[in-house]
Amino acid sequence: MYYIIADVCGKPGEEVEVLVYVYGAVGTSGYLVNIAYDTRLTGRFDVEDASRNWAYAAGMTINLDTNPFCVVCLPKSGYNVTAADGSALFAMWVTIPEDAQAGTTYQFSFTDGIDPETGKIKHNEVLRNVSDDSNELIPNDVSFYGGTIT
């Protein structure tokens with residue numbers, strides 16, 4: 001299973017949409033994702049339930065007060081819902097800094113948050129699935145690919 005943050009391009013001061021996609025889904029009954037982003041980016045890190053190819057009809061909770069921010073999703077249609085390849089988990093809207101120079105790249109990455117021992121962000125260790133028969137979080141066989149804004 002693959003979770004991919006899109007690579008997008010934009011102009012200084014422009015607000016761009018950054019989608020997070022899923023491929024090879026094997027079924028999920030919920031997920032928790034933390035995404036770290038370049039601190040030079042501003043805007044509204046948000047998700048929206050619009051009429052497009054969304055991975056899950058879901059109830060979402062988002063904590064946008066921190067970097068990394070956290071998205072928790074529980075599909076409304078039951079356990080082990082399988083998302084279609086290329087469907088969007090969620091979207092983020094981000095404003096490129098006004099003083100950005102051509103070719104400047106800003107990073108997004110999956111993370112499990114801040115390591116309490118080092119105070120540094122741990123990358124690519126976050127997505128977990130909720131087991132059908134308990135509330136325990138169990139690891140998935142998932143590959144993570146961060147994205148960029150250029």
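Q: How many salt bridges does the count come to here?

A: In this predicted model, the count comes to one salt bridge.

Q: Which side chains meet in that salt bridge?

A: The side chains of aspartate 38 and arginine 40 meet there, with 2.6 Å from N to O.

Q: Is aspartate 38 buried or exposed, and where is it found?

A: Aspartate 38 counts as buried because its relative accessibility is 15%, and buried means under 20%. It is found in the loop between β3 and β4, the latter being residues 58-63.

Q: What does aspartate 38 touch, not counting residues up to four places away in sequence?

A: Aspartate 38 touches Thr105, Tyr106 and Gln107, and of these Tyr106 falls within β7, which spans residues 106-114.

Q: Changing topic, what elements does the protein chain have?

A: The protein chain has twelve strands and zero helices, and from the N terminus on the elements therefore read β-β-β-β-β-β-β-β-β-β-β-β.

Q: How much of the chain counts as buried?

A: Of its 150 residues, 45% count as buried. The accessible surface comes to about 7,900 Å², and 48% of that belongs to carbon and sulfur atoms.

Q: Among contacts between residues at least 6 apart in sequence, what share joins residues at least 24 apart?

A: That share is 72% for the protein chain.

Q: Which residues touch the most other members in the largest nonpolar core?

A: The largest nonpolar core has 33 residues, and those touching the most other members are Val18, Ile35, Tyr56, Leu89, Met92, Phe108 and Ile149. The elements that give two or more residues to this core are β1 (2-5), β2 (15-23), β3 (31-37), β5 (69-75), β6 (87-95) and β7 (106-114). Apart from it lies another core, of five residues, including Leu19, Ala88, Ala91 and Trp93.

Q: Why would nonpolar side chains be buried together?

A: As a general matter, nonpolar side chains tend to be buried together in soluble globular proteins.

Q: Which residues is isoleucine 35 in contact with, leaving aside its neighbours within four places in sequence?

A: Isoleucine 35 is in contact with Ile5, Val20, Asn67, Pro68, Phe69, Phe90, Met92, Phe108, Ser109, Phe110 and Thr111.

Q: How many residues of β3 are buried, and what does β3 pair with?

A: Six of the seven residues of β3 are buried, so β3 is largely enclosed by the rest of the structure. Five bridges join β3 to β5, and the two run antiparallel, with valine 33 standing opposite valine 71 in β5.

Q: What about β6, how many of its residues are buried?

A: Nine of the nine residues of β6 are buried, so β6 is largely enclosed by the rest of the structure. Eight bridges join β6 to β2, and these strands run antiparallel; the bridge partner of tyrosine 21 in β6 is alanine 88.

Q: Which residues are on the covered and uncovered faces of β1?

A: The covered face of β1 has Tyr3 and Ile5, while the uncovered one has Tyr2 and Ile4.

Q: In what sense does β1 pair with β2 and with β11?

A: With β2 the pairing is antiparallel, over four bridges, and isoleucine 4 has tyrosine 21 as its bridge partner in β2. With β11 the pairing is parallel, over three bridges, and there the bridge partner of tyrosine 3 is phenylalanine 144.

Q: Which residues make the nonpolar surface patch?

A: Tyr2, Tyr23 and Tyr145 make a nonpolar surface patch of about 300 Å². Tyrosine 145 lies in strand β11, residues 143-145, and is partly exposed, with a relative accessible area of 41%.

Q: Last one: where is alanine 57, and is it buried or exposed?

A: Alanine 57 is in the loop between β3 and β4, and it is exposed, with a relative accessible area of 51%. Its C-alpha atom is separated by 5.7 Å from that of proline 75, and the two residues are 18 residues apart along the chain.

Key. Residues are numbered from 1 along each chain as its sequence is written. This is a predicted model: local features need pLDDT of at least 70, side-chain atom pairs count only at pLDDT 80 or more; totals for chains, interfaces and linings use all residues. Side-chain values use heavy atoms; hydrogens and water are left out. A salt bridge is a side-chain nitrogen of Lys or Arg within 4 Å of a carboxyl oxygen of Asp or Glu. A nonpolar core is a set of buried Ala, Val, Leu, Ile, Met, Phe, Trp, Tyr and Cys residues joined through side-chain atoms within 4.5 Å. Buried means under 20% relative accessible area, exposed over 50%, partly exposed in between (1.4 Å probe, protein chains only). Contact means heavy atoms within 4.5 Å. Patches are made of residues with over 30% relative accessible area and no salt bridge: like charges are joined within 9 Å, nonpolar side chains (Val, Leu, Ile, Met, Phe, Trp, Tyr) within 5 Å. Accessible areas come from the Shrake-Rupley method with a 1.4 Å probe; for residues, only the protein chains shown count as cover. Two strands pair if DSSP finds at least two bridges between them.
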